[in-house]
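Hi,

Here is the structure I said I would pass on.

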Amino acid sequence: MSLATVYNTLDLFSSAGLILRIPSKSGSFRYCGGQRSHMHFQFQGSDQMMDVPADLGEKIMESIPASILSEIEDRMGVRIDSVDVQLKGARAESAPSTDS
Ligand SMILES: [Zn+2]
């Protein structure tokens, strides 16, 4: 199988919502197999990222005020279809090493 076929298949899965396509710092794309929309933690200065636990990611998304989203729509004349939140930072010095 050629690499082009692999990437075409990844794009197909991404369009179908089976996997997530995530732009990376280097301008390429990363793919994440999580079926549901979820949040990522991006390590600053590298392409390494971790999935945020789904329950915590959902809490953040639920806490985004719908009134502000609709005000953005009104003032900008757009329709918001989805919201992505990406967390960025570094590993805490005291944290245990938990590679995803
Ligand atoms: Zn992910």
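Predicted model: local features only at pLDDT ≥ 70, side-chain atom pairs only at ≥ 80, totals over all residues.

Residue numbers start from 1 along each chain as its sequence is written.

That pair belongs to the antiparallel pairing of strand E3 (residues 40-43) with strand E4 (residues 49-51), which are joined by 3 bridges. Strands here are DSSP runs (E, at least two residues), as are helices (H or I, at least four residues), and they are numbered from the N terminus. Two strands count as paired if DSSP finds at least two bridges between them. E3 and E4 make a hairpin with 5 residues between them, and Gly-45 in the turn has a positive phi of about 80°.

On one strand, E4, it stands opposite Asp-51; in E5, its bridge partner is Gln-86. E5 (residues 86-89) runs parallel to E3, with 4 bridges joining the two.

Put together, these strands give an open sheet of 3 strands in the order E4-E3-E5, with mixed pairing. E4 and E5 are the edge strands with a single partner each, so one side of each has no neighbour in the sheet. On average, neighbouring strands of this sheet are turned by 25° against each other, direction ignored (axes are lines fitted to C-alpha atoms, for helices over the stretch in contact, and angles run from 0 to 180 degrees between N-to-C directions).

Now for the whole chain. The protein chain has 3 helices and 5 strands, and from the N terminus on its elements run α-β-β-β-β-α-α-β. Its radius of gyration is 16 Å, well over the 13 Å that the globule rule gives for 100 residues, so the chain is more spread out than a compact globule. (The radius is taken over C-alpha atoms, and the rule is 2.2 Å times the number of residues to the power 0.38.) Along the principal axes, the C-alpha atoms fill a box of roughly 45 × 40 × 25 Å. Buried residues, those with 20 or more other C-beta atoms (placed from the backbone) within 10 Å of their own, make up 2% of the 100 residues.

Finally, the domain assignment (automatic or from a database) gives domain 1 (1-35) and domain 2 (37-90). Their C-alpha centres lie 20 Å apart.

Best wishes

Key
Buried ≥ 20, exposed ≤ 12 C-beta atoms within 10 Å, placed from the backbone.
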